[in-house]
Amino acid sequence: MRGLGIAAAFLLLGLAACRESNDRAITGYVEAIYLRPAAASGGRITALAVDRGDTVRQGQPLFALDADREQAAVDEARHRLDAQSARLADLEKGRRPQEIAVIRAQLQQAQAQRKLSAATARRQSELAQRQLVSADALDTARTAQSRDEARVAELERALEVAELAGRSDALEAARQDVATARALLDQARWALEQKSVAAPAAGSIEDVYFRVGEWVGSGVPVLALLPPPNKRLRFFIPQSQLAGFAIGARVLARCDGCGEPVAATVRFVAAQAEFAPPVLFDRRQRDRLVYRVEALPSAEDAVRLHPGQPVDIGRVAGDGG
């Protein structure tokens, strides 16, 4: 009889120890940090390439807004750049070839006229030496020769000027105008590109807030995207266990339907304690002062976790203090 009492006592102790072990289990939950892509400017949704539950890769198109105004701005900026570039090219190369050809023809005509007047002046000079012509006739011939020589010199200078590029200050102003037009075109193209939004990271589409045909304001998210690396384990520990869950410590998380335990690394420990976690999965109630801890699983293991899912946390044997 006494032996049965001792056995019963040991059984009660064993049950108490088992209950204490269960009470000290650390429980937490899976937290998700969603990406919510939005367009830089508002508009009507014209294309939606994904739906709730889809898996996307980084850079994959997600949605697009109407971009008629942005396309018109791009066309206008491109035409302005073409006009400014043409103006700069015109200043750099001088007068048009047709205008230069006209000046060359005038110069050839003036050179021929100069040759004729020079010959006439020589003949008049010879005749004047033999007193066969008057002094007035000689003066008239020499005046005509001087006039034609001046005309040739004038057209030679005009040809040189026509073949020169624009003045340095005019050229610099034209170059600045081209640079400004190119910057405006780049800005217009950027605004156009912003009306089509691609996935910033690979992940799953968790929710879609708008559909094709609906109006979306500037900066308003259209959908929620969850990349696997954005899942983390959140749990709360008492001060007595802080040393065992320092940053860099390895933990194992077990959850229903997860299969093998999920390994994670502690990346955050709150510096300030709080009296109770916002969602209390902890079975032990006597340690009311707890610290929030966050641990990151690998991207491969994170796909097995679901936001809000309860998990049981345990330290990796031999890891930490």
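Predicted model: local features only at pLDDT ≥ 70, side-chain atom pairs only at ≥ 80, totals over all residues.
Me: How many bridges join β2 to β4?
Reply: Strand β2 covers residues 43–48 and strand β4 covers residues 61–65, and the two run antiparallel. Among the bridge pairs, A47 has A64 as its partner in β4, and L48 has F63. The number of bridges joining β2 to β4 is three.

Me: Which residue of β7 is the bridge partner of G43?
Reply: Strands β2 and β7 run antiparallel and are joined by two bridges. One of the residues bridged to β7 is G43, and its partner there is V216.

Me: Which strands make up the closed barrel, and in what order?
Reply: The barrel has six strands with antiparallel pairing. Neighbouring strands of this sheet are turned by 45° against each other on average, direction ignored. The barrel runs β1-β9-β12-β11-β10-β13.

Me: How many bridges join β9 to β12?
Reply: In the barrel order, β12 stands between β9 and β11. Strand β9, residues 231–238, runs antiparallel to β12, and the partner of P238 in β12 is V290. The count of bridges between β9 and β12 is six.

Me: Which residue of β12 is the bridge partner of V269?
Reply: Strand β11 spans residues 262–269 and runs antiparallel to β12, with five bridges joining the two. Among the bridge pairs is that of V269, whose partner in β12 is V293.

Me: How many of the eight residues of β12 are buried?
Reply: Strand β12 takes in residues 290–297 and is mostly covered. A residue counts as buried when its relative accessible area is under 20%. In β12 the number of buried residues is six.

Me: Which residue of β13 is the bridge partner of V251?
Reply: Strand β10, residues 250–254, and strand β13, residues 310–315, pair in the antiparallel sense over four bridges. For V251, the bridge partner in β13 is R315.

Me: Are helices α2 and α5 roughly parallel or roughly antiparallel?
Reply: Helix α2 covers residues 68–93 and helix α5 covers residues 168–193; they pack with their axes 8 Å apart, at an angle of about 160°. Angles over 145 degrees count as roughly antiparallel. The angle therefore makes α2, relative to α5, roughly antiparallel.

Me: How many nonpolar residues does the contact of α2 with α5 have?
Reply: The crossing of these two helices, α2 and α5, is left-handed. Their contact has three polar and nine charged residues. The number of nonpolar residues in the contact of α2 with α5 is 16.

Me: Which cysteines does the disulfide join, and are they buried or exposed?
Reply: The structure holds one disulfide. The S to S distance is 1.5 Å between C255 and C258.

Me: Why is the disulfide left-handed?
Reply: A disulfide is a covalent bond between the sulfur atoms of two cysteines. The handedness of the one between C255 and C258 follows from the torsion about the S-S bond, so the value to give is about -100°.

Methods: Residues numbered from 1 in each chain as written. Heavy atoms only, no water. Buried < 20%, exposed > 50% of the residue type's maximum accessible area, 1.4 Å probe, protein only. Pairing = 2+ DSSP bridges. Axes fitted to C-alpha atoms, helices over the stretch in contact; angles between N-to-C directions. Parallel < 35°, antiparallel > 145°, perpendicular 65-115°, else oblique. Left-handed = near helix turned anticlockwise from the far one by under 90°. Nonpolar A, V, L, I, M, F, W, Y, C, P; charged D, E, K, R; others polar. Disulfide = S-S within 2.5 Å.
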